[in-house]
Amino acid sequence: LAHAQGRGPLARACARARGRAREARAMRALRLGKLAVLPWVLPGAVRARALGAVGGPLCTATPSCASGSRRAVASSSSPAAERAPTEAGSQRSPAVAGAAGAAVLAAAGGLASWAAFGKVEEVNVKVEQISEEVFDTKDNLFVFFLDKSEDLLDKKDDLQKVCRALRRDKSLHRLTFYFNVRKEGDPPGPDGHRADGAESTGAPLLPCVMYKGQRKTAIKVNTADIPLDKITEFFAALSEKIDPAWKTWPVRRLSGQEFHEEVLEASSPAAPVLMQMYEDTCFLCFLMRPFVNSLAKLFKENGVPLTFKRINISENDFPDRCPVARGTPTFICFRGDKVPGVKWDEFKPNDLVQRLTKEYTNLPESVLAEMDELQGLVSRRFQMFTQLVMWTIELQKLEALLAAPPPALPVSSPVGEAEGGEADGAEMPAEAEEVDDDAFSSVVSTMMAADMRRTDLLLENLAYLQREVDEVEHDAALLGIMLAESVQKREKDEDELFAASRQKKSNR
């Protein structure tokens, strides 16, 4: 009977357990930045411990017996803000912190119980200065660009208005906000006098840059009409279409939407997954493609518990729970969905082999010897690819020379002899005089793109490149012969024309 009426020791123990669970949920929400307002429904001692654990000012709200009003305490700049919270309530103030809303209330004990306390005052969103460390380790960045440091205070209300509007959108809950103050010598910031939003309201325009994955875009935000549609569209996760053929490749290629299943769930401490991040325009990624394929095949054949996979971050944003990588190639080792992935510092062939040797100390000597041989062959691949590029460029120059219309034959002097007796070389077409940097880059990019679609191993690729070099060299030799014959014929025609001209003059 005492237990049923809530007065027995078991009932009191259950109540204490429920209180501890409610406290744990609130503490966790605070640490994750999901709790901006500390509900009064929690006991005063719990609020005191929570505020002490977070170490930052928060807002506490209290119910009013009659009107359901809220009670906010003094400014953080006042001495009262430094006093420790008591059982009667905290003396902390609203501060720069995370979002307020239904998710906060659910973490603290339920939306229904909180609704009775009335509307909660919005708190400021944290906006920090951007840094290289932030850029190299975080994703989903929204950066305000300011002309001077004073703008941080002068435009505070406008910045907070934009931040709060974006935080209220559920699809943008991953956003973090930063600012950058322009310094002398910095490149120009986001350009554009046109606002992304209302056109003629006269509202302040905030230059911003959005970063997600390897993508970025600059916008001018009109605070009177914040372009939520454009911003949410940009921050929607990019994931390329899955090709069933990828499953048969020596190194499984992934799309962003496959990451959780193919990497986090497929890996474990005993059988990790080593995922390579690469880009289409990364030359070292291209150079190492068949080398990584060969390593994957070697480990699989020898029963080494490591699976190689790769993801193209030109076509996919960084998946959730995947470390950020601003440079490629980057190798990340995953050991299950309970353990964060670890980025390896090693990215060159020799360094990668040494890291694998340290990670797997019991590899057979035959495997170690083959790994060493493979990393040495990467330089051979570079040499052969360079030969193929240069011969291809020479072939294009010869084709341009042969395709160009020949200049008109002279009527008064033989080839190589201008009027006055001075030598004058034959004029070559301008496009055939030299291959500029743009043409060279175009050839390299085209050949890299074609090679990245291949799935061969390193030895197979070397054999393929050798055949390509031999073929283009043969074609260049044939075109060279054709060009020489064309030059000889032209010289003969000019000699005959000159002889005829001289004969005609002598007859006069």
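Which helix holds both Glu 394 and Lys 397? Helix α12 (residues 365-403) does, and the two residues sit three apart, about one turn of the helix. This is a predicted model, in which local features need pLDDT of at least 70 and side-chain atom pairs count only at pLDDT 80 or more, while totals for chains, interfaces and linings use all residues. Residues are numbered from 1 along each chain as its sequence is written, and side-chain values use heavy atoms, with hydrogens and water left out.

**View 1. Glu 394 and Lys 397 pair within helix α12.** The two form a salt bridge whose closest N and O atoms are 3.7 Å apart; the term stands for a side-chain nitrogen of Lys or Arg within 4 Å of a carboxyl oxygen of Asp or Glu. Helices here are DSSP runs (H or I, at least four residues), strands are runs of E (at least two), and both are numbered from the N terminus. Glu 394 is partly exposed, because its relative accessible area is 34%, and Lys 397 falls in that class at 23%. Buried means under 20% relative accessible area, exposed over 50%, and partly exposed in between (1.4 Å probe, protein chains only).

View 2. Glu 359 counts as partly exposed because its relative accessibility is 30%.

**View 3. Arg 252 and Glu 258 meet in a buried salt bridge.** Their closest N and O atoms lie 2.8 Å apart, and each of the two residues is buried.

**View 4. A network of salt bridges links five residues: Arg 289, Arg 381, Asp 451, Arg 454 and Asp 456.** For context, the structure holds 19 salt bridges.

**View 5. Strand β6 pairs with β4 and β7.** Seven of the eight residues of β6 (residues 205-212) are buried, so the strand is largely enclosed by the rest of the structure. With β4 (residues 141-146), β6 runs antiparallel over four bridges; look for Phe 144, whose bridge partner in β6 is Cys 208. Eight bridges join β6 to β7 (residues 215-222), again antiparallel, and Leu 205 stands opposite Asn 222 in β7. Strands count as paired if DSSP finds at least two bridges between them. β6 and β7 form a hairpin with two residues between them, and Gly 213 in the turn has a positive phi of about 60°.

**View 6. Five strands make an open sheet of mixed pairing, in the order β8-β10-β9-β11-β12.** β8 (252-254) and β12 (342-343) stand at the edges with a single partner strand each, so one side of each is left without a neighbour in the sheet. Two bridges join β11 (residues 330-334) to β12 in the antiparallel sense, and Cys 333 has Val 342 in β12 as its bridge partner.

**View 7. Arg 502, Lys 504, Lys 505 and Arg 508 form a positive surface patch.** Patch residues have over 30% relative accessible area and no salt bridge, with like charges joined within 9 Å; Lys and Arg count as positive, and each charge is placed at NZ of Lys or CZ of Arg. Lys 505 is found in helix α15 (residues 458-507) and counts as exposed because its relative accessibility is 56%.

How values were computed: Patch = residues over 30% accessible without salt bridge, like charges linked within 9 Å, V, L, I, M, F, W, Y side chains within 5 Å. Areas by Shrake-Rupley, 256 points an atom, 1.4 Å probe, with all protein chains shown as cover.
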